[in-house]
Protein chains: 2
Amino acid sequence: MKYNKNRKNREKLAISQIQSAGMRLTPQRLALAKRLFSGPDRHITAEELHSELKYADVRISLATVYNTLNRFTNAGLLREFFVDSNQSYFDTNTEPHHHFFYEELGKFVDVPINNLNIEFLTSPPKGTQVDSVEVFIKLSKVDSSNKK
Amino acid sequence: MKYNKNRKNREKLAISQIQSAGMRLTPQRLALAKRLFSGPDRHITAEELHSELKYADVRISLATVYNTLNRFTNAGLLREFFVDSNQSYFDTNTEPHHHFFYEELGKFVDVPINNLNIEFLTSPPKGTQVDSVEVFIKLSKVDSSNKK
DNA sequence: AAATTGTTTAGAATCATTCTAAATGTATTG
DNA sequence: CAATACATTTAGAATGATTCTAAACAATTT
Ligand SMILES: [Mn+2]
Ligand SMILES: [Mn+2]
Ligand SMILES: [Zn+2]
Ligand SMILES: [Zn+2]
């Protein structure tokens, strides 16, 4: 039965992520890791994850969600990013990439790094090196009233 | 005397910005507007502005700094942006542009829009339109130990 | 199984920001 | 140039996301 095999594999992946961060395996961490690391990449806040877990009847305190997200981030399993001043988002995709932001939905979608070609027409300032280049593209539903 | 003429011009610019936002001219707003709108573009937090003003012996409450920055932002004179979860930054440059971020200094420098050429190798999702494209480039001091 | 070490938790603390309501300032009117 | 209306400033309280504290609990080592 393929269904149970996938379930097992997702669990294994989650466990290996926790252990790769040098953290003990606990039910709370496993529940978080499964939601974060099995399935498509996510862009999510601590509060959102906490409600997801509550909805799934996983008992976990908000403090533990924060602790775990921060430790995953320090271990390089997540990346934290910021789009408004009152909440942090965590990105499960830690490779260099860009983002579409759907304004109406408030949702992010990854843009693979080689979907964009960025050409510097002026070189970066002397004495500096470029550590990262991130593009943030705001999208909205097509507005057909925008006729030329 | 050129010095006093520049001073007067900066004041006039500040006044016209306040009035273009449909706001009454007050000493607090004038002090803020002068520091924001005369001189090179800035990327600054409310607290930073508040200390600058305190240092210059301008008496203004932090609440007024926040109120004014928010009203300037709503009027399109400033743009708010976010780089960490605990403070908002305000950008005096409201035209589309990109940013260098000097990691060691925690400072931002504008990159004119046509210093970068961005080519989409895949078109944006059907039914959506691109509202803005912003590039954020992290810079650090050259690390000569990075030899190939 | 005792001892050690790591984890979770509730609730308190922190801190940027917003809100409240009273005092003060600016504009308008007669 | 009062009197009134309306806008702004302010101190301090409230809010809300995040972090901290310290006690209970769980996992690991001996
Ligand atoms: Mn953090
Ligand atoms: Mn704001
Ligand atoms: Zn992403
Ligand atoms: Zn800028």
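Me: Where do the bounds of a domain come from, and which domains does chain A have?
Reply: Domain bounds come from an automatic or database domain assignment, and for chain A that assignment gives domain 1 (7–91) and domain 2 (97–141). The model is predicted, with local features needing pLDDT of at least 70 and side-chain atom pairs pLDDT 80 or more, while totals for chains, interfaces and linings use all residues. Residues are numbered from 1 along each chain as its sequence is written, and side-chain values use heavy atoms, leaving out hydrogens and water.

Me: How many Å separate the centres of domain 1 and domain 2 of chain A?
Reply: Taken over C-alpha atoms, the centres of domain 1 of chain A and domain 2 of chain A are separated by 25 Å.

Me: How is the size of an interface often given?
Reply: It is often given as the accessible area lost when the parts come together. Buried area is that loss, found with a 1.4 Å probe and summed over both parts; here domain 1 and domain 2 of chain A bury about 590 Å² between them, 53% of it on carbon and sulfur atoms. On the side of domain 1 of chain A, A:His43, A:Arg79 and A:Val83 lose the most area to domain 2, together 59% of what that side buries.

Me: Which residue forms a salt bridge with A:Arg79?
Reply: A salt bridge is a side-chain nitrogen of Lys or Arg within 4 Å of a carboxyl oxygen of Asp or Glu. The partner of A:Arg79 is A:Glu134, with the closest N and O atoms 3.0 Å apart, and the count between the two domains of chain A is one salt bridge.

Key. Chains are lettered from A and ligands numbered from 1 in the order in which they are written. Buried area is the accessible area (1.4 Å probe) that two parts lose on being put together, summed over both.
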